[in-house]
Amino acid sequence: MKKESTLNFYDRVYCITRLIPRGRVSSYGAIACYLSIGSASRMVGYALTCSHNVLPFVPAHRVVNRSGLLTGKIHFGTPTLMQQLLENEGIIVEDDQVKYFSILHWDPSVELESDYFSNLG
DNA sequence: GAGGTGACTGCGA
DNA sequence: CTCGCAGCCACCT
């Protein structure tokens, strides 16, 4: 096998991030866990740092930290772009924090598997 | 090859 | 609750 792990890493993050349903949000830890690197949640955010340079579009604004805080908004064009994008999807953001984050949280390692079975059924 | 950085997270004081 | 520290791994200089 080759060292495609590192290369796939970015692709994985982008792919999963694009899987986040509209009006939902995810966390770095959840994505990291799905990538079997739950210990390196930093890498998820790091990958997203270049997400704006990747196509198709990556809804990085749907990814927030474990507390639902928009820690990555600083990497957007404007400090309020991330919040506006979320609000545009019906997500309520207050004080740079996602409201009802608990119920809006989308975990790929859970929602995906569960969704598959649900759709099949 | 080595050192520093970072859109994070968990635990302790 | 707030503050600080350690671990994690890929990218940049």
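**Reading the model**

Modeller: Let us begin with one residue: serine 51 is found in the loop between α3 and β2. Helices (H or I, at least four residues) and strands (E, at least two) are DSSP runs, numbered from the N terminus. This is a predicted model, in which local features need pLDDT of at least 70 and side-chain atom pairs count only at pLDDT 80 or more, whereas totals for chains, interfaces and linings use all residues. Residues are numbered from 1 along each chain as its sequence is written, chains are lettered from A and ligands numbered from 1 in the order in which they are written, and side-chain values use heavy atoms, with hydrogens and water left out.

Colleague: Is serine 51 buried or exposed?

Modeller: Buried means under 20% relative accessible area, exposed over 50%, and partly exposed in between (1.4 Å probe, protein chains only). Serine 51 has a relative accessible area of 5%, so this residue is buried.

Colleague: Which residues is serine 51 in contact with, leaving aside its neighbours within four places in sequence?

Modeller: Contact means heavy atoms within 4.5 Å. With those neighbours left aside, serine 51 is in contact with Tyr14, Val58 and Ala60. A polar contact is a pair of N or O atoms within 3.5 Å; within protein, one must be able to donate a hydrogen and the other to accept it, and residues adjacent in sequence count only if both atoms are side-chain atoms. A polar atom of the serine 51 side chain lies 2.6 Å from the backbone oxygen of leucine 48. A polar side-chain atom of serine 51 also lies 3.4 Å from a base nitrogen of DNA strand B.

Colleague: Which residues around DNA strand B come nearest?

Modeller: A residue is near a strand if one of its heavy atoms lies within 4 Å of it. There are 17 residues around DNA strand B, of which Arg42, Met43, Leu48, Arg66 and His75 come nearest. Of the atoms of DNA strand B within 4 Å of the protein, 47% belong to sugar or phosphate and the rest to bases.

Colleague: Which residues are around DNA strand C?

Modeller: They are Tyr10, Ser39, Ala40, Arg42, Met43 and Tyr46. Of the atoms of DNA strand C that come within 4 Å of the protein, 67% are accounted for by sugar and phosphate. Among the bases, an oxygen of DNA strand C is 3.0 Å from an N or O atom in the side chain of arginine 42. Here too α3 gives the most to the surface, with 3 residues. By class, the surface has 4 nonpolar, 1 polar and 1 charged residues (Ala, Val, Leu, Ile, Met, Phe, Trp, Tyr, Cys and Pro count as nonpolar, Asp, Glu, Lys and Arg as charged, and the others, Gly among them, as polar).

Colleague: How many salt bridges does a search of the whole structure find?

Modeller: Side chains of opposite charge can pair when their charged atoms come close. A salt bridge is a side-chain nitrogen of Lys or Arg within 4 Å of a carboxyl oxygen of Asp or Glu. The search finds 3 of them. In one, arginine 62 pairs with glutamate 89, the closest N and O atoms being 2.8 Å apart. Arginine 62 lies in the loop between α3 and β2 and glutamate 89 in the loop between α4 and β3, so the pair ties together parts that are 27 residues apart in sequence. Both arginine 62 and glutamate 89 are buried. Another salt bridge joins aspartate 96 and lysine 73 (2.6 Å, N to O). Aspartate 96 is in the loop between β3 and β4, and lysine 73 in the loop between β2 and α4, 23 residues apart. Lysine 73 is buried, with a relative accessible area of 16%, while aspartate 96, at 25%, counts as partly exposed.

Colleague: Which residues touch the most other members of the largest nonpolar core?

Modeller: In soluble globular proteins, nonpolar side chains tend to be buried together. A nonpolar core is a set of buried Ala, Val, Leu, Ile, Met, Phe, Trp, Tyr and Cys residues joined through side-chain atoms within 4.5 Å. The largest one has 27 residues, of which Leu48, Leu86 and Val98 touch the most other members. α1 gives the most to this core, with 4 residues. Leucine 48 touches Val13, Thr17, Tyr28, Val58, Ala60 and Val63, not counting residues up to four places away in sequence.
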